[in-house]
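Please read the following dialogue beside the structure.

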Amino acid sequence: MSPGNQDFEAKWADWLRAHHAGLLAQKFEEIYYSATAPAKGGTPKALNKVPMTVVVPATTTPITAATATTTTTTAATPTTATTATATTGPPPADPTSTTAAVPSTTAEAPPPTVPTTRPPGLPPPAPVPLVVHPALAGEGDWQPTGPLVRGRPAMYVAQFRADDIYTSQITTAVWIDPKLLRLELVPGSTEPGGTWTHPPYVTTAELPYLVAAFNGGFRFQDARGGIYLEGKVGVTLVPGAASFVIYKNGRVNIGAWGTDVSMTRNVASVLQNVVLLVNHGRIATSATYSDIAVWGYTLGNAYVVPRSGIGVTADGALVYVAGPALTAKSLAESLQRAGAVRAMTLDINPEWVTFNFYAHPAGQPEDVTGTKLYPEMQRPADRYLPPEWEARDFFEVLRPGAPLDG
């Protein structure tokens, strides 16, 4: 009877755990997991079809494994935890216009100095280093996805195997440019619950600007962290907790609360979830293949389950990573290989890991069609859309100009 669009099994499991019957829920989940556990080894026939791929303008060539230079690939390699590009501070400010003098073409009449402008947004991401060989066609390469913003892609998708054990399982990363798109944290009806200006779904006013949406973190009783938005604290923020911070000017950052990030008048929202999974380019020592003490209780006490995480790159891009068969360590390694210098885990288990892209037919901006990031995601592609209430907090990805409903 509780509000929210999750199915009966998910509501029932949460209710049992909240009413001191977690062992009973665990027994049912063990049965479920034994029937759905991923197999070791094997090779997928091909990568999944990437939703909403776009044609890149001739002036914006994406970097692929075939075109990347040795220098670029080395900078992205995770084996050196302290890369030259890793930084611990917030992403840099927006680029500014620059001027360059054009060399003289004749001795008599040198041309005047003309202004040149950096292209909008961040440079495309470098390919994801691979750990399984031989590689699948296109594995590790970033494909531009979603609508063009200011004439260039604002999102890219890359697919790869996360480790050399579950080699038939594909992990997917989404690179998001916060200089071209805006992120907004939305409160869920039960997590955190309470009264907020923004309802627990994408509003009608936001629909024409909606590009994507993805899951937030654990239930707050498990997150060891809090939430802040709309100028108030929903759950108390915890010093040292991994924190996803969105600023009023659209900038984003991820870091340890009180160290890398802290409260200022420019903070629009904060979501915390346990501790940093990747910090200074290094994977947390507690992120092992068998941990359940820090990185969430998984179905049937099993470790290889759907997981998701979010990280920030050295130049300020966001990287979301999810896969159907990840451990805490392989999630951390995947975020690191995708370019994250600081990263945190988001939600886990089949019911809660969701990333949907949204498309709009020409001339019908409020008519929205959702597509899952990859087929194994359990929840429907219209998750987060009105009028169904979403039980847990989530993030919207919006085109510029979207109203600030929260």
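This is a predicted model: local features need pLDDT of at least 70, side-chain atom pairs count only at pLDDT 80 or more; totals for chains, interfaces and linings use all residues.

Q: What percentage of the residues of the chain count as buried?
A: A residue is buried under 20% relative accessible area, exposed over 50%, and partly exposed in between (1.4 Å probe, protein chains only). By this rule 52% of the 406 residues of the chain are buried.

Q: How many helices and strands does the chain have?
A: Helices (H or I, at least four residues) and strands (E, at least two) are DSSP runs, numbered from the N terminus. The chain has five helices and 20 strands.

Q: How many of the residues of helix H5 are buried?
A: In general, an α-helix has 3.6 residues a turn, so residues three or four places apart point the same way. Helix H5, residues 328-337, is mostly covered, with nine of its ten residues buried. Among the buried residues are Leu331, Glu333, Leu335 and Arg337. After H5 comes Gly339, which has a positive phi near 110°.

Q: Which residues have the most contacts inside the largest nonpolar core?
A: In soluble globular proteins, nonpolar side chains tend to be buried together. A nonpolar core is defined as a set of buried Ala, Val, Leu, Ile, Met, Phe, Trp, Tyr and Cys residues joined through side-chain atoms within 4.5 Å. The largest one has 71 residues, and Ile176, Phe214, Phe244, Tyr320 and Phe355 have the most contacts inside it. Another core, of twelve residues, lies apart from it and includes Val186, Val202, Leu210 and Phe394.

Q: Which residues line the largest cavity?
A: Rolling a probe the size of a water molecule over the atoms shows where empty space is left. On a 1 Å grid over the protein atoms alone, a cavity is a set of points where a 1.4 Å probe fits but cannot get out, and lining residues have an atom within 4 Å of a point. Grid points are joined across faces, edges and corners, and a volume is the space filled by probe spheres set on the points. The structure has one cavity of 30 Å³ or more, and the volume of the largest cavity is about 40 Å³. Its lining includes Asn215, Asp347, Trp352, Arg383, Tyr384, Glu390 and Phe394.

Q: How does that lining divide by class?
A: Ala, Val, Leu, Ile, Met, Phe, Trp, Tyr, Cys and Pro count as nonpolar, Asp, Glu, Lys and Arg as charged, and the others, Gly among them, as polar. The lining of the largest cavity has three nonpolar, three polar and five charged residues.

Q: Is Tyr384 buried or exposed?
A: Tyr384 is buried, because its relative accessibility is 0%. Tyr384 belongs to the loop between E19 and E20 and has a positive phi of about 85° although it is not a glycine. Pro387 is in the loop between strand E19 (369-372) and strand E20 (394-398), and the peptide bond from Pro386 to Pro387 is cis, with omega near 5°.

Q: What share of the contacts with a separation of 6 or more comes from residues 24 or more positions apart?
A: A contact means heavy atoms within 4.5 Å. Residues 24 or more positions apart account for 70% of the contacts in the chain with a separation of 6 or more.

Q: Which residues does Asp177 touch?
A: Not counting residues up to four places away in sequence, Asp177 touches Gly121, Leu122 and Ala154. Asp177 lies in the loop between strand E5 (171-176) and strand E6 (182-186). Asp177 and Ala317 are 140 residues apart in sequence, yet their C-alpha atoms are 5.2 Å apart in space.

Key
Residues are numbered from 1 along each chain as its sequence is written. Side-chain values use heavy atoms; hydrogens and water are left out. On a 1 Å grid over the protein atoms alone, a cavity is a set of points where a 1.4 Å probe fits but cannot get out, and a pocket is an open set with protein on both sides within 12 Å along at least five of seven lines; lining residues have an atom within 4 Å of a point.
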